[in-house]
Every structure is written in C-alpha cells, then in structure tokens.
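Student: I'd like to go through this model with you, one topic at a time. Please keep the answers plain.

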Amino acid sequence: MKYLKPTRIALAIAAFACLNITIFTGLAAAPRAYLALSRVQVFPAIMALALSTFLFWIAVTLLLGRVYCSVLCPLGIYMDVATRLKGIFTKKPTVYHYGEPRNLLRYSSLLVFMALLILGLSLPVALLDPAQLYENFTECIHAWTTENSVVIKVVGGTFCGSVATIALMIVIAAIAATRGRLYCNTICPVGALLSLPARYALMVIDINTDRCTHCRRCEHACKARCINMNDSTVDTSRCVVCFNCINACRDDAISYTFNRHRLSDAMMQRLSTGSNAMSRPAAGDASTLSQSKPSTRK
C-alpha cells in the first residue's frame with residue numbers, strides 16, 4: 001500500500017494547480033474542468049443550496065474517510081505546503097505526537113459558523129470557510145502583484161477584512177509547520193462537519209497489532225496527531241487519510257482497509273497456553289514430584 005501516499009500527493013497537486021488557475025484567471029475565463037473543482041467545495045455548495053454536492057461528500061466520507069481534507073481542500077493543501085517548506089529550510093522533518101481530541105472546541109466552531117451563515121454575516125464566514133478563505137487570500141496576492149500597488153484588494157467590503165485574511169493565513173501556516181493539521185481538527189468548520197460521518201467510515205487506517213513493534217514511527221508521521229499507540233487505535237474522526245503512517249511503518253503493520261484487525265486466534269491460544277502452564281505444574285512434573293517424595297509409612 002506504499003503507492004497510496006504518492007497517489008494522494010499527485011491528486012492534491014493537480015487539484016491545487018487547477019484551483020489556483022481558476023482563482024487567478026477568474027471564473028469567467030477558467031475552463032470547465034477547473035470550474036468543476038471550485039464548485040465542489042463543501043460549504044460553497046451548501047451556500048449555493050447544491051444539496052447533491054453536499055450529499056456526495058457525506059457519502060464519500062462515509063466510504064473513504066476525510067479524503068476531501070487531503071486531496072481537494074485548498075487550505076489543507078496549503079498547510080501541507082507550509083509543512084513541507086519548513087522541513088526543507090530546517091532540514092528536519094516535523095515530529096508529531098498524539099494529541100487528545102478537542103471536541104468541544106471544534107463542534108462549537110461548527111455551530112458558530114452555521115449561526116453566522118444563517119445570519120448572513122459574510123466577513124466571519126469568509127474567514128472561517130477554508131475554500132473561501134483561501135480564495136480571498138489568493139485574490140489579495142493576485143491584486144497586489146498585478147496592479148503594482150501596495151493597496152490590498154478589499155475582501156468582504158473592508159480593508160480590515162483583507163488584512164485579517166492575510167494575517168490568518170500566516171498564522172495557519174505557522175500552526176501547520178509545527179502542529180500539523182491542528183487547525184483542521186479544532187477551528188475548521190468543514191473538518192468538524194466531515195468528522196461526524198468519518199467516525200463511521202468503511203475504509204479506515206488500521207494497525208495490525210500482531211505485526212506492530214510499537215516503534216511509534218507512524219505516530220510521529222501523523223500530521224493529524226490521531227494515532228494513539230497506547231492502545232494501537234486511530235481516531236477516524238480526525239484522520240485526514242494522508243497515508244503518511246503507512247509509508248512510515250517498516251513492519252507493514254498499517255493498512256487502509258474495510259476490516260479492523262483483531263489479534264489472531266493462534267496468538268491468543270499461545271498466550272492462553274503459556275499463562276496456564278505458568279499457573280499450574282505439568283502432569284509429568286506432578287508425578288515426578290510425588291515419586292521423589294519420601295514415604296512416611298513404616
């Protein structure tokens with residue numbers, strides 16, 4: 001399964017390039033293929049009342065997990081780029097550790113976002129929705145570079161909105177470079193929404209406990225920080241299906257599968273036999289002891 005990560009990276013690069021071409025050239029001039037990618041983003045589809053797109057992503061997440069977050073979300077790919085650049089400049093890969101889920105924060109963020117969406121407050125929505133945030137960011141950069149002006153393109157009708165967009169993108173890049181996908185699993189409303197069906201995904205990252213040597217390489221490679229090696233489990237609600245853990249494992253103990261692994265019967269039998277043998281003497285040993293015991297009869 002080592003091919004899964006390169007495949008995911010290739011698809012993400014292609015999607016990221018298409019989305020950037022769409023944004024920089026303008027929707028009117030963009031080819032249909034590029035337009036299709038920009039229109040299948042989760043919350044823009046909800047705001048456009050495109051129920052079929054929303055249901056499509058719920059179904060995909062129920063089947064495959066949160067593949068949207070690693071393949072098609074422009075902000076997620078932007079965070080991966082920031083992490084990669086940090087590794088290139090420091091010449092040290094980022095080492096992650098398991099973190100407890102912050103469910104109160106992420107689901108509160110989702111509720112706040114939905115309330116803002118219903119109230120029609122465009123600026124907060126533009127700062128929270130990952131697709132809209134990235135589009136506004138690239139539009140600011142595009143306007144700045146093409147117009148040769150220090151005046152940033154206004155987003156959401158205010159100069160402050162543009163400054164807030166750029167500042168937030170810098171903060172997100174800094175968080176991604178040090179803490180991986182922490183933003184995705186705490187603040188991002190799309191991540192919170194997709195985490196609900198992802199809990200019941202059919203295809204999951206699974207750890208084969210018969211093969212695992214607890215070297216923790218998978219945990220250190222997991223940018224979602226969702227692999228708990230204390231009990232060899234993966235939090236599928238936070239897993240973004242990046243396949244980093246599969247490539248990091250040298251024991252082929254991690255797979256992307258429909259079936260969660262259980263300890264083999266043979267191994268359990270060996271353990272059971274071993275524990276019984278330790279708890280009571282063998283029959284031969286008992287007879288030997290009885291024969292070697294001196295008789296007390298006269």
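Tutor: One definition first: helices (H or I, at least four residues) and strands (E, at least two) are DSSP runs, numbered from the N terminus. The model is a predicted one.

Student: With that, where does S232 lie?

Tutor: S232 is in the loop between β2 (227-228) and β3.

Student: What is its phi?

Tutor: The phi of S232 is positive, about 55 degrees, although S232 is not a glycine. Most residues other than glycine have a negative phi.

Student: Is S232 buried or exposed?

Tutor: S232 has 14% relative accessibility, so it counts as buried. The cut-off for buried is under 20%.

Student: What about the phi of F243?

Tutor: F243 is not a glycine either, and its phi is positive at about 70 degrees. F243 sits in the loop between β3 and α13. Its relative accessibility is 8%, so F243 counts as buried.

Student: Back up a bit. How many helices and strands does the protein chain have?

Tutor: The chain has 15 helices and 4 strands. Of its 298 residues, 43% are buried.

Student: And the contacts, how many join residues at least 24 apart?

Tutor: Taking contacts between residues at least 6 apart in sequence, 75% join residues at least 24 apart.

Student: Which residues of α11 are buried?

Tutor: Helix α11 (residues 189-198) is mostly covered, with 9 of its 10 residues buried. They are P189, V190, G191, A192, L193, L194, S195, P197 and A198.

Student: Switching to rings. How many aromatic pairs are there?

Tutor: The count is 7 aromatic pairs. In one of them, the ring centres of W57 and Y68 are 5.0 Å apart and the planes are at 70 degrees, so this pair is edge-to-face. Over 60 degrees counts as edge-to-face.

Student: What does the W57 and Y68 pair tie together?

Tutor: W57 is in helix α4 (residues 51-64) and Y68 in helix α5 (residues 67-71), so the pair ties together parts that are 11 residues apart in sequence. Both W57 and Y68 are buried.

Student: Which residue does F243 pair with?

Tutor: F243 pairs with Y256, edge-to-face, at 5.1 Å centre to centre and 75 degrees between the planes. Y256 belongs to strand β4 (residues 254-257) and F243 to the loop between β3 (233-234) and α13 (244-248), so the pair ties together parts that are 13 residues apart in sequence. Y256 is buried, as is F243.

Student: Which residues do ring pairs link into a cluster?

Tutor: F16, Y78, Y134 and F137.

Student: How many residues are in the largest nonpolar core?

Tutor: That core has 63 residues, and those with the most contacts inside it are Y68, L75, Y78, I205 and Y256.

Student: Take I205. What is it in contact with?

Tutor: Apart from neighbours within four places in sequence, I205 is in contact with V234, C239, F243, C245, I246, I254, S255 and Y256.

Student: And V234, what is that in contact with?

Tutor: V234 is found in strand β3. With neighbours within four places left aside, V234 is in contact with I205, I207, C226, I227 and C239. V234 counts as buried, at 11% relative accessibility. V234 and Y98 are 9.9 Å apart in space, C-alpha to C-alpha, and 136 residues apart in sequence.

Student: Which residues lie nearest the centre of the largest cavity?

Tutor: C222, C226, C239, C242 and C245 lie nearest its centre, out of 14 lining residues. By class, the lining of this cavity has 12 nonpolar, 1 polar and 1 charged residues.

Student: How much space lies in the largest pocket?

Tutor: About 750 Å³. The pocket is lined by 28 residues, and the closest to its centre are K5, D80, T83, R84 and N244.

Student: Which elements give two or more residues to the lining of that pocket?

Tutor: They are α1 (4-25), α6 (74-90), α12 (217-221) and α13. The largest share, 8 residues, comes from α6. By class, the pocket lining has 14 nonpolar, 7 polar and 7 charged residues.

Technical notes
Residues are numbered from 1 along each chain as its sequence is written. This is a predicted model: local features need pLDDT of at least 70, side-chain atom pairs count only at pLDDT 80 or more; totals for chains, interfaces and linings use all residues. Side-chain values use heavy atoms; hydrogens and water are left out. Rings of Phe, Tyr and Trp (its six-membered ring) pair if their centres lie within 6.5 Å; planes under 30 degrees apart count as stacked, over 60 as edge-to-face and the rest as tilted. Buried means under 20% relative accessible area, exposed over 50%, partly exposed in between (1.4 Å probe, protein chains only). A nonpolar core is a set of buried Ala, Val, Leu, Ile, Met, Phe, Trp, Tyr and Cys residues joined through side-chain atoms within 4.5 Å. Contact means heavy atoms within 4.5 Å. On a 1 Å grid over the protein atoms alone, a cavity is a set of points where a 1.4 Å probe fits but cannot get out, and a pocket is an open set with protein on both sides within 12 Å along at least five of seven lines; lining residues have an atom within 4 Å of a point. Ala, Val, Leu, Ile, Met, Phe, Trp, Tyr, Cys and Pro count as nonpolar, Asp, Glu, Lys and Arg as charged, and the others, Gly among them, as polar. Grid points are joined across faces, edges and corners, and a volume is the space filled by probe spheres set on the points.
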